[in-house]
Amino acid sequence: MEFWLYVLLFFMPSLIEEANDPIGAILPSEIDPADLECEPISTEAARILAPGQVPEPSARGDFIERRAVICRERLMARGERPPRDDAILSTLNATAAELTGLVAALDGPLAGRTWLVEVYHPDPRVSLKVAFAMKNALLDRGLAVSDRAPTLAAGDVEVIGRTEPARAWPLACARYAATGSVGSGDALMGVALRDRRETQLHVGVCADGRWRWLR
Amino acid sequence: MSLRALPAALALALAGCVTVYQPLSGLNRPVALDPGLANFADTALVLRCLPGGALTAEEAETLCRKVGRLFENQGAQVTVRSAGRVEDPDTPGEGPARAALSIELRAEIVHRDAKSLIFGPLADWIWGYSAEITVRQEVRIRGADGFLLAQETLTGRFVQRLGFFSDAEERFSRDYYGRLSQLALDARIRQQVLAENADPGPG
């Protein structure tokens, strides 16, 4: 009994400090540390994000060095979906904001057009999610967005499907313009995964029959 | 001490100091490529590991050698450039004159801490049982024309504590080399995609 009292009194400060540490804690955490996304932040930022959890510095001086690490539990546990899709979907909001920012920068020459969105990803479920996020982000930027999907004739689809990716998008863009699927009042934002090994999305714009990659 | 406390005391005595690794920003992102395949076949690559911060000149050289081996194993033609060297683009140096990709690595220590089981000014000196270090590495990847293709901060945290088993080195190597390979591949594909803009197009 005396031994445990000794342990308790002697080790208590460190045990309290480590109780909230996802990897340093003596007792295992309920959440697998691999499913946490942690990032060190400044104590000032931590006081804003989590009021009351990081004490305010004392007016008479703070002799304790404080630091903060913010951890968020991943929406989907590791291994639940393929790594490529996990990388794309876990940062989809930020990617949508970044890609639509590039598109919105074309506001001068393409001002007033209605934007259509087309996404290529090997998994149609991911394509749908990406398209939804891109349309929302375009609307957030005050641009006119249509839910209409540009279409091609069966013969065009067959030819373009057999074309190498570098030529497929410009060719499809030219056909969209020729068939009137992307008219003079429209512009198409094309979002694509170009290689199955990559974890990023590329964006290009089709307007007046001309295609250009932005990223 | 009673006999009932003996197993716990014995376990403490048998435990060693092990390192626990926690991936923070960048290192916890998923990797889609297999670093065991020839992902960079016929790609010329220049590596620069800048000393300073967390790296001495010798450590920077070792890092570049290991990272260079990583990309060579994936089929790249790697040239390691020393940090202080001023390059003349017209003068052919060792290796490829114009690299398809240029990777710059710079490391710094974000936080270092020694924890103690006891309080007091001499606590760490008497018995510092746990040390912690958080290291950050800036990765910048540029194309042949100097265009910045990818930039990421890889942060990892290492905690030393009492324990019996550690796989920190293997886990960190898997995360670090995997993420570095992924960043370089993403940068190379981005470079190829942008090069397809033959005509100025809209805007």
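In this predicted model, A:Cys173 is buried, with a relative accessible area of 1%.

**Exercise 1.** Find the partner of A:Cys173 in a disulfide and describe the link.

Step 1. The partner is A:Cys206, and the two sulfur atoms are 2.1 Å apart, which is within the cut-off of 2.5 Å.

Step 2. The angle about the S-S bond is 90°, and the link of A:Cys173 and A:Cys206 is right-handed.

Step 3. A:Cys206 has 1% relative accessibility and counts as buried.

**Exercise 2.** Describe the disulfide of A:Cys38 and A:Cys71, and state the pattern of the disulfides of chain A.

Step 1. A:Cys38 is joined to A:Cys71 with an S to S distance of 2.1 Å.

Step 2. With 110° about the S-S bond, this link is right-handed.

Step 3. A:Cys38 sits in strand E1 (residues 36–41) of chain A and A:Cys71 in strand E2 (residues 68–73) of chain A, so parts 33 residues apart in sequence are tied together.

Step 4. Buried means under 20% relative accessible area. A:Cys38, at 2%, is therefore buried, whereas A:Cys71, at 30%, is partly exposed.

Step 5. Counting bonded cysteines along the chain, the pattern in chain A is 1-2, 3-4.

**Exercise 3.** Determine the handedness of the disulfide of B:Cys49 and B:Cys64.

Step 1. The sulfur atoms of B:Cys49 and B:Cys64 are 2.1 Å apart.

Step 2. The torsion about their S-S bond is about 105°, so the disulfide is right-handed.

Step 3. B:Cys49 lies in strand E2 (residues 44–50) of chain B and B:Cys64 in helix H2 (residues 57–72) of chain B, so the pair ties together parts 15 residues apart in sequence.

**Exercise 4.** Classify the aromatic pairs A:Trp211 with A:Trp213 and B:Phe172 with B:Tyr176.

Step 1. The whole structure holds nine aromatic pairs over all chains.

Step 2. The ring centres of A:Trp211 and A:Trp213 are 5.0 Å apart and the planes are at 85°, so this pair is edge-to-face. A:Trp211 and A:Trp213 are both buried.

Step 3. B:Phe172 and B:Tyr176 are stacked, with 5.5 Å centre to centre and 10° between the planes.

Step 4. Both B:Phe172 and B:Tyr176 lie in helix H4 (residues 168–195) of chain B, four residues apart, about one turn of the helix.

Step 5. B:Phe172 is partly exposed at 26% relative accessibility, while B:Tyr176 is buried at 4%.

Notes
Residues are numbered from 1 along each chain as its sequence is written. Chains are lettered from A and ligands numbered from 1 in the order in which they are written. This is a predicted model: local features need pLDDT of at least 70, side-chain atom pairs count only at pLDDT 80 or more; totals for chains, interfaces and linings use all residues. Side-chain values use heavy atoms; hydrogens and water are left out. Rings of Phe, Tyr and Trp (its six-membered ring) pair if their centres lie within 6.5 Å; planes under 30 degrees apart count as stacked, over 60 as edge-to-face and the rest as tilted. Buried means under 20% relative accessible area, exposed over 50%, partly exposed in between (1.4 Å probe, protein chains only). Helices (H or I, at least four residues) and strands (E, at least two) are DSSP runs, numbered from the N terminus.
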